[in-house]
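Subject: Structure for you to look at

Hi,

Here is the structure I promised. Please open it alongside these notes.

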Amino acid sequence: GTVHSRTDAFVARLSPSGTQLTYSTYLGGQSDDVVRGMVIDAQGVLTLVGTEAPIETFDGQGNRTDHGTPFPTTDDAIARTHLGASDSFVARLSLDGTGAGDLKYATILGAFYIDEATDIALDPNNPELITIVGNTRSWDFPTTPGAWRRAPQFLADGHPYYEGFMMRFRFPATGGGSLVWSSLVTGTQTGQFADAVTIDPSGDV
């Protein structure tokens with residue numbers, strides 16, 4: 001049958017008086033798409049983070065099949081298709097009203113299981129740098145060489161529990177985007193969460 005979205009994200013802009021809708025768009029695919037945080041840089045470009053959860057079915061052996069069109073991404077994305085039970089996304093929009101051209105960068109982020117971006121922050125000293133945080137239960141969450149922690153901790157039954165993650169992206173004014181670094185954020189016990197992020201004047205997180 002037809003695959004339908006259950007929840008789509010949207011972006012809307014009002015006039016300063018709040019009396020006119022000056023921009024509005026849906027953002028998402030055939031999945032549950034939820035925005036968790038956003039920032040606007042000095043050029044007026046909006047960067048959003050959130051979660052996309054594919055529509056999925058399971059066979060008698062518990063094998064999962066994802067259905068529908070994934071969250072929209074750009075050619076330079078890290079991932080362009082569903083990865084797990086829920087994935088994070090990062091998207092940059094210029095609210096110019098040019099249709100598909102407004103989407104300047106978008107990627108799916110995550111790994112095999114559950115990944116949820118929760119917050120985002122601009123670097124006060126470098127407008128090209130954006131840091132996002134979230135939580136993961138994936139044992140193969142992508143990290144970069146030299147990261148603070150790259151391997152998750154596991155429960156006694158062999159499954160990973162929730163750990164935080166932190167990622168920094170560079171978005172040049174000329175367009176596009178790239179991952180600068182990525183690390184898990186965890187302690188000596190399982191159940192670590194990263195729900196908010198702030199960058200201080202010295203650039204520390």
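The protein chain has zero helices and eleven strands. Helices here are DSSP runs of H or I with at least four residues, strands are runs of E with at least two, and numbering starts at the N terminus. Along the sequence the pattern is β-β-β-β-β-β-β-β-β-β-β.

This is a predicted model: local features need pLDDT of at least 70, side-chain atom pairs count only at pLDDT 80 or more, and totals for chains, interfaces and linings use all residues. Residues are numbered from 1 along each chain as its sequence is written, and side-chain values use heavy atoms, with hydrogens and water left out.

Now the sheet. Four strands make an open, antiparallel sheet, ordered β8-β9-β10-β11. Two strands count as paired if DSSP finds at least two bridges between them. β8 (115-122) and β11 (178-185) are the edges; each has a single partner strand, so one side of each lacks a neighbour in the sheet. β8 pairs with β9 (residues 129-136) over seven bridges, in the antiparallel sense. D115 sits opposite T136 in β9.

Next, the whole chain. The C-alpha atoms fill a box of roughly 55 × 55 × 30 Å along the principal axes. Buried residues (under 20% relative accessible area, 1.4 Å probe, protein chains only) make up 44% of the 205.

Best wishes

Technical notes:
Buried means under 20% relative accessible area, exposed over 50%, partly exposed in between (1.4 Å probe, protein chains only).
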